[in-house]
Amino acid sequence: MILGPMFLMLAGLPLLGVVLSGQHLASYLEFPPTTQYVEHAPFSWGVFAIMLIGVVLVVLPFVAWDRLHAFLDDEAVPSINEFPWWGWAGFVFGIVAWALAWSRFEWCSDIQPHLFTPQWLSYIIVVNALTYRKTGQCMLTHRTGYFFALFLASALFWWFFEYLNRFVQNWYYDGVDNVSPSQYFWRATLPFSTVLPAVLGTYDLLAGGTRLFKGVEGFFPVRVRNPKYLAGGCLVLACIGLAGIGVWPDLLYPLLWIAPLLIITSIQAIGGQRTIFAPLKDGNWRRICLLALSALICGFFWEMWNSKSSAKWIYTVPFVNRFKIFEMPLLGYAGYLPFGLECAVIGDLVKGWTCKNPRIASSRARLAATAAVALVISAFIWLPFLHLCFKRDVSDYRSREGIAPKAGAIAAQQFHLWDEQGVRNLEVARMRVSNAEWDFMGRTFHVLALANMALREPGQRKLYLGIMDRIIDDTLRLERENGIYYFLMDYARDGQFVSSRARSLFQDGEIAMMLGCRRLIDEKASYREPFSFRIGVMKECMEESPVLTGESYPDECWMFCNTVALAAMRISDVLDNTNHEEFFQRWLSTARSNLIDPATGLLISSFSFNGHPFDGPEGSSIWMSAHCLQLVDPEFAAEQYRIARDLLGNSVLGFGFAREWPDSWKGPIDVDSGPVIPILQISPGSSGLAILGASAFGDDTYLSRLLTSLNFGGFPISTDGRLKFAASNQVGDAVLLYALVVGPLWKEIWNRA
Amino acid sequence: MESRLIKLFVVRAVAIVLIYALCDAIGWRDYASVISGTSPDPAGMTLTATLKAVIYILLFLATFIVVPILLISSALIFVWTMIRNRFAVLAGSTSTKSIRMAVTNENANHLRVSTR
């Protein structure tokens with residue numbers, strides 16, 4: 001009954017805190033969790049001293065009282081059984097696993113990252129064997145169902161702490177680069193599953209096989225007159241604390257270990273259930289102390305075995321990150337004390353589940369709980385594998401030479417649209433209802449794709465040139481017949497262009513690009529003059545602006561269009577021996593000074609003719625801009641891609657995607673971004689263009705994940721060897737086609753330059 | 001009880017797959033284009049087109065995310081029930097043995113007392 005609210009609070013509160021503080025959630029839900037975004041406070045002697053004194057003041061009375069008692073009563077617990085054979089087997093197995101894990105033999109380097117789990121399995125077997133020797137029974141032999149259930153619960157339990165760690169980032173894993181989400185999941189889940197059996201097994205051994213902390217069985221009692229009020233107060237404080245860990249990670253990180261314990265026990269107390277603190281009313285502190293000690297003992301082994309593992313965790317704890325014992329800072333070991341109690345709380349819940357009480361067994365609540373746990377475990381099993389249903393070999397989409405099969409199928413669909421006038425008219429009409437620009441941009445990306453395809457398949461050059469000419473002639477005709485507003489959105493008519501030439505760089509740039517690409521593949525005399533005219537007029541417009549940028553719409557400059565214009569100018573330099581190098585240098589210098597978002601280092605997406613920023617860095621703009629800048633300044637372009645990849649690109653469970661806006665900028669959801677999926681901030685527009693970015697910059701890992709998402713959320717439809725994506729439209733498919741064949745054209749330009 | 005749960009999960013999984021397959025067969029996949037702001041209907045973005053898109057996308061997500069989870073859950077519950085029943089049988093036989101031993105001891109004591 002209490003599991004639902006408990007789960008909601010523990011998982012939801014940190015997210016709620018982050019949402020209320022106005023941060024984006026995507027990075028907190030990243031999987032595998034590899035990005036480091038919390039910058040921690042440096043070491044502080046003051047904080048270290050206060051925390052050390054606090055820990056000593058809490059621990060010392062119990063230890064001192066127990067040692068005094070032990071001085072008076074030093075009777076040892078006799079053994080009942082011999083140490084069993086399976087205990088010896090576990091011991092030998094553990095020694096071998098330990099030796100292999102710490103050795104650096106070449107022949108066992110492949111299995112070394114996987115030896116942490118065998119080491120812990122042997123630890124668990126050995127502590128169970130020691131308990132069996134001392135008490136005549138142990139979890140492994142006498143509560144086997146409970147024992148195995150602990151492994152399952154443990155995997156979930158520690159994944160929860162990994163989730164909380166996303167908000168405070170007190171540790172991260174080294175040596176897990178280039179690991180797929182499913183590999184990461186299993187490589188993490190297996191060792192996570194040993195946590196509870198190890199801690200609770202150690203507790204069993206200490207409780208039954210030693211007289212440790214016997215002295216505190218009659219220590220001071222804690223009697224609370226209104227336990228439910230106290231529990232309510234603790235619950236409220238713990239909830240506030242847990243909600244705040246993502247907002248103030250440096251201040252509240254200790255709550256990662258304390259708040260879950262308080263929330264669970266408070267809910268138990270309010271519900272009238274027995275809590276782990278119940279024996280304290282009689283002054284019996286032994287279980288509490290032994291649990292804390294058990295976790296500390298396990299903590300020692302965790303840190304020791306981790307310290308020389310080939311894949312290991314590293315701590316980044318604020319204020320106290322010094323005096324390390326293995327990888328853990330000295331005061332970090334204090335976290336193990338409440339952790340032991342948390343293990344026991346979960347262990348008690350599991351015990352309740354696995355008990356054979358017929359009343360509970362027959363209840364509907366138990367059935368619902370079974371269903372809930374099964375569904376949660378199944379989700380943990382399935383979700384890391386989901387991407388495999390949609391993952392295809394990248395070479396199916398993009399090949400180094402020639403045209404990959406899927407790219408060919410998308411191209412066939414694009415040709416089909418130009419062959420079948422009726423189908424094309426329908427497709428264009430559908431797009432123009434939402435955005436007239438898409439009709440235009442679909443043409444540009446199609447021509448760019450065809451130019452690359454002509455270089456990839458010289459045998460098909462004539463065919464591709466024919467289609468390019470049809471697209472270009474049709475575009476020029478429409479512009480001539482309908483004027484410059486035909487391919488612009490309606491609001492273009494609402495204002496006056498500031499530039500004296502009163503032209504849209506959006507149209508001039510992309511038309512110049514189409515003409516230039518066509519001429520690069522094969523010179524066409526009739527395109528020379530219109531190309532030169534567009535290049536000249538664009539430069540004039542850009543020179544008029546104080547920040548050297550042309551308007552796409554009246555007093556509205558877009559980075560996307562300006563970088564396309566620059567790329568077209570570079571093509572002009574190659575084709576017509578013009579020289580824009582000095583202009584490029586001035587443009588870059590001005591852009592670095594005026595058009596870079598200071599919070600991210602990315603180029604902003606839109607601004608006035610005078611350079612006043614309208615919108616910050618935008619996903620649906622920056623990927624193409626970085627690609628076009630490859631023709632202007634490859635290093636600057638690569639830097640822009642790298643930053644965009646870090647701040648906008650993301651992967652969850654093997655699916656790649658991109659956001660429209662970085663954390664530092666709150667921008668609108670519009671026709672460019674597409675409908676943004678909340679929480680992860682997935683933008684279809686930005687994700688589609690990110691495929692172009694990843695392809696152009698050779699980011700194969702990200703490309704593979706983006707293509708997996710495309711197969712999943714793009715809803716591909718194959719008909720007669722043609723491929724289109726239902727979630728997309730002609731312009732989206734044209735961008736995708738260009739992304740899958742991009743490369744040879746830019747290479748050709750650099751070769752000729 | 002658990003068998004009812006398994007049946008519940010499997011029946012729902014099969015129902016989701018069948019409805020999804022039906023929607024796919026009648027061409028509702030095309031309506032996913034509303035994601036890109038375009039509608040397959042020449043009339044543009046109508047309420048009907050949007051509803052079809054939402055239903056199709058939810059069914060698609062349910063088929064690929066929820067259905068496998070339901071089926072894996074069914075398998076887990078089945079295995080868990082088998083293990084629990086097995087342990088229940090073992091525990092039952094242990095208890096029977098203990099009772100038998102206790103009775104034997106009691107008889108022996110009774111015999112000892114009688115002999116005295």
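How many salt bridges does the rule find across the interface of chain A and chain B? It finds 0, a salt bridge being a side-chain nitrogen of Lys or Arg within 4 Å of a carboxyl oxygen of Asp or Glu.

This is a predicted model: local features need pLDDT of at least 70, side-chain atom pairs count only at pLDDT 80 or more, and totals for chains, interfaces and linings use all residues. Residues are numbered from 1 along each chain as its sequence is written, and side-chain values use heavy atoms, without hydrogens and water.

**View 1. The interface of chain A and chain B.** Contact (heavy atoms within 4.5 Å) links 37 residues of chain A with 32 residues of chain B. The two chains bury about 3000 Å² between them, 75% of it on carbon and sulfur atoms. Buried area is the accessible area (1.4 Å probe) lost on being put together, summed over both parts. L367(A), R430(A) and F715(A) supply 21% of the area that chain A buries against chain B, more than any other three residues.

**View 2. The largest cavity.** About 80 Å³ of space lies here. A cavity is a set of points on a 1 Å grid over the protein atoms alone where a 1.4 Å probe fits but cannot get out; lining residues have an atom within 4 Å of a point. The lining includes E162(A), R166(A) and W171(A). It divides into 5 nonpolar, 3 polar and 2 charged residues. Helix α6 (144–168) and strand β1 (171–174) of chain A each supply at least two; helices (H or I, at least four residues) and strands (E, at least two) are DSSP runs.

**View 3. An open sheet in chain A.** Three strands run in the order β5-β6-β7, with antiparallel pairing. Pairing requires at least two DSSP bridges between strands. The edge strands are β5 (557–558) and β7 (613–615) of chain A. C557(A) has F607(A) in β6(A) as its bridge partner.

Notes
Chains are lettered from A and ligands numbered from 1 in the order in which they are written. On a 1 Å grid over the protein atoms alone, a cavity is a set of points where a 1.4 Å probe fits but cannot get out, and a pocket is an open set with protein on both sides within 12 Å along at least five of seven lines; lining residues have an atom within 4 Å of a point. Grid points are joined across faces, edges and corners, and a volume is the space filled by probe spheres set on the points. Ala, Val, Leu, Ile, Met, Phe, Trp, Tyr, Cys and Pro count as nonpolar, Asp, Glu, Lys and Arg as charged, and the others, Gly among them, as polar.
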